[in-house]
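Take a moment with the sequence and the model below. Then read on, and find each part as it comes up.

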Amino acid sequence: MFETKLTRTLKIRYPIFQAPMAGGPTTPELVAAVSNAGGLGNLGAGYLTPEQLRSTVRKIRELTDKPFGVNLFVPEQPDGSEDAVVQMTDYLTTYRVQFGIAPNPSTPDFSESFEEQVQVLLEEKIPVFSFTFGIPPQDVIHAMKQLDTVVIGTATTVAEAELLEGAGVDAIVAQGYEAGGHRGTFLKEVSESLIGTIALVPQVADQVSIPVIASGGIMDGRGLVASLALGAGAVQMGTAFLVCPESGAHAMHKQKILTSSEDSTEITRAYSGKEARGIRTAFMSDMHQYPGQIPDYPIQNALTRDIRQAAAKANDPEYMSLWAGQGLRLANAQPAAAIIAQTIEQAEALVNNKFHYSGM
Ligand SMILES: Cc1cc2nc3c(=O)[nH]c(=O)nc-3n(C[C@H](O)[C@H](O)[C@H](O)COP(=O)(O)O)c2cc1C
């Protein structure tokens with residue numbers, strides 16, 4: 001019933017993507033479970049070394065013969081003076097003492113090499129390649145397409161979507177304000193690019209001629225039907241899949257999502273130096289008082305990494321990054337296949353009963 005141009009192109013049964021979520025949630029088990037259930041599982045690979053990336057892609061292939069996607073972060077040139085880094089390192093010492101970790105952050109590299117990650121993906125000939133935070137060099141998009149890899153970019157405004165279409169991508173994720181995790185914004189300031197999903201999707205769909213994937217706050221069949229009505233060819237759901245048993249998210253992260261409400265999140269630069277939506281924590285509040293300038297991504301991300309890791313080890317959610325979207329009250333800790341089946345069932349019931357469902 002919900003076949004779209006995009007489901008035909010991708011050869012998937014249902015127009016449901018499990019969002020790529022870098023940092024652990026998108027295990028091979030989660031990606032494969034979603035793809036095996038008829039959706040498109042996506043690996044968030046932004047933080048993986050080339051070796052980890054290759055072995056994870058191979059593991060996914062052992063678990064499914066269905067299409068899946070891999071997502072990378074397009075690198076950016078961070079602004080940030082030496083002084084700002086020294087000042088932040090100093091400021092973070094309190095937390096290092098609190099968790100009993102070395103006084104200086106271990107930051108051998110601020111981020112993984114995009115070129116090396118891309119090389120692995122080209123060698124592994126993956127079905128779908130998606131990216132966020134910008135537009136990769138033309139030769140990367142071209143090389144992927146030469147291998148029949150479907151290429152998908154991320155936009156938070158119509159102007160970004162138009163640029164992505166011009167760069168030759170096959171489809172666009174329209175990421176609304178509600179979305180959990182990092183903002184994909186790359187043209188203007190994030191504060192000028194905060195468009196809600198319901199406003200963003202139809203405006204992007206009207207302005208580009210390639211399929212649009214709605215993302216941000218979509219948690220169930222209602223969100224799916226609404227997105228298709230707005231002109232999307234599929235939805236990309238992150239928070240909904242974050243709490244699955246197959247997800248590698250920390251148990252505290254899952255628990256916080258399952259016990260928080262729609263007003264529990266905020267967009268912050270505190271953890272990574274790039275705006276991202278997550279559940280409010282003591283660390284986020286503390287950083288409101290920070291007197292200096294928070295260094296840009298990926299510097300701040302590297303400076304806070306071992307604090308976040310130590311907090312995770314100590315099961316202390318107040319110093320972990322608890323990325324989540326505004327729809328979190330609708331999250332349900334069920335296996336990925338059940339989330340897909342229920343989303344489709346609810347969407348079909350809505351359409352078949354002309355939008356009458358219990359509760360309306
Ligand atoms: C924990 C987490 C990690 C994320 N990591 C990525 C990522 O690596 N790449 C990406 O394109 N989007 C990432 N996102 C954003 C998702 O692609 C998507 O836009 C978002 O989850 C949609 O909003 P929702 O969480 O309300 O469903 C992440 C989101 C979350 C919650």
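Which residues of the largest nonpolar core touch the most other members? Before the answer, a word on the model. It is predicted, so local features need pLDDT of at least 70 and side-chain atom pairs count only at pLDDT 80 or more, while totals for chains, interfaces and linings use all residues. Residues are numbered from 1 along each chain as its sequence is written, and side-chain values use heavy atoms, with hydrogens and water left out.

Now the answer. I16, L43, L53, V70, L121, F129 and F241 touch the most other members of this core, which has 91 residues. A nonpolar core is a set of buried Ala, Val, Leu, Ile, Met, Phe, Trp, Tyr and Cys residues joined through side-chain atoms within 4.5 Å. Buried means under 20% relative accessible area, exposed means over 50%, and partly exposed lies in between (1.4 Å probe, protein chains only). In soluble globular proteins, nonpolar side chains tend to be buried together.

Helices (H or I, at least four residues) and strands (E, at least two) are DSSP runs, numbered from the N terminus. Look next at F241. Not counting residues up to four places away in sequence, F241 touches I16, F17, Q18, M21, L30, V34, S247, A336, I339 and I340. Such a contact means heavy atoms within 4.5 Å.

Turn to the ligand. There are 20 residues around the ligand, and P20, N71, G217, G238 and T239 come nearest. A residue is near a molecule or strand if one of its heavy atoms lies within 4 Å of it. Strands β3 (68-73) and β9 (234-237) each supply at least two residues of this shell. What kinds of residue make up the shell? Eight are nonpolar, 12 are polar and none is charged. Here Ala, Val, Leu, Ile, Met, Phe, Trp, Tyr, Cys and Pro count as nonpolar, Asp, Glu, Lys and Arg as charged, and the others, Gly among them, as polar.

For A22, a backbone N or O atom is 3.1 Å from an oxygen atom of the ligand. Q236 uses its side chain: an N or O atom there is 3.1 Å from a ligand oxygen. Taken alone the ligand exposes 600 Å², and the protein buries 97% of that. Accessible areas come from the Shrake-Rupley method with a 1.4 Å probe, and for residues only the protein chains shown count as cover.

Move on to the loops. T27 sits between β1 (16-18) and α2 (28-36). Is T27 buried or exposed? T27 counts as buried, because its relative accessibility is 16%. T27 touches E246, S247 and G248, again leaving out residues up to four places away in sequence.

K11 lies in the loop between α1 (5-10) and β1. K11 has a positive phi of about 60°, although it is not a glycine. At 67% relative accessibility, K11 is exposed. D148, in the loop between α7 and β5 (150-155), also has a positive phi, near 65°. D148 is exposed too, at 68%.

Y297 and P298 are joined by a cis peptide bond, with omega about 0°. P298 lies in the loop between α13 (282-288) and α14 (299-313).

Methods
A polar contact is a pair of N or O atoms within 3.5 Å; within protein, one must be able to donate a hydrogen and the other to accept it, and residues adjacent in sequence count only if both atoms are side-chain atoms.
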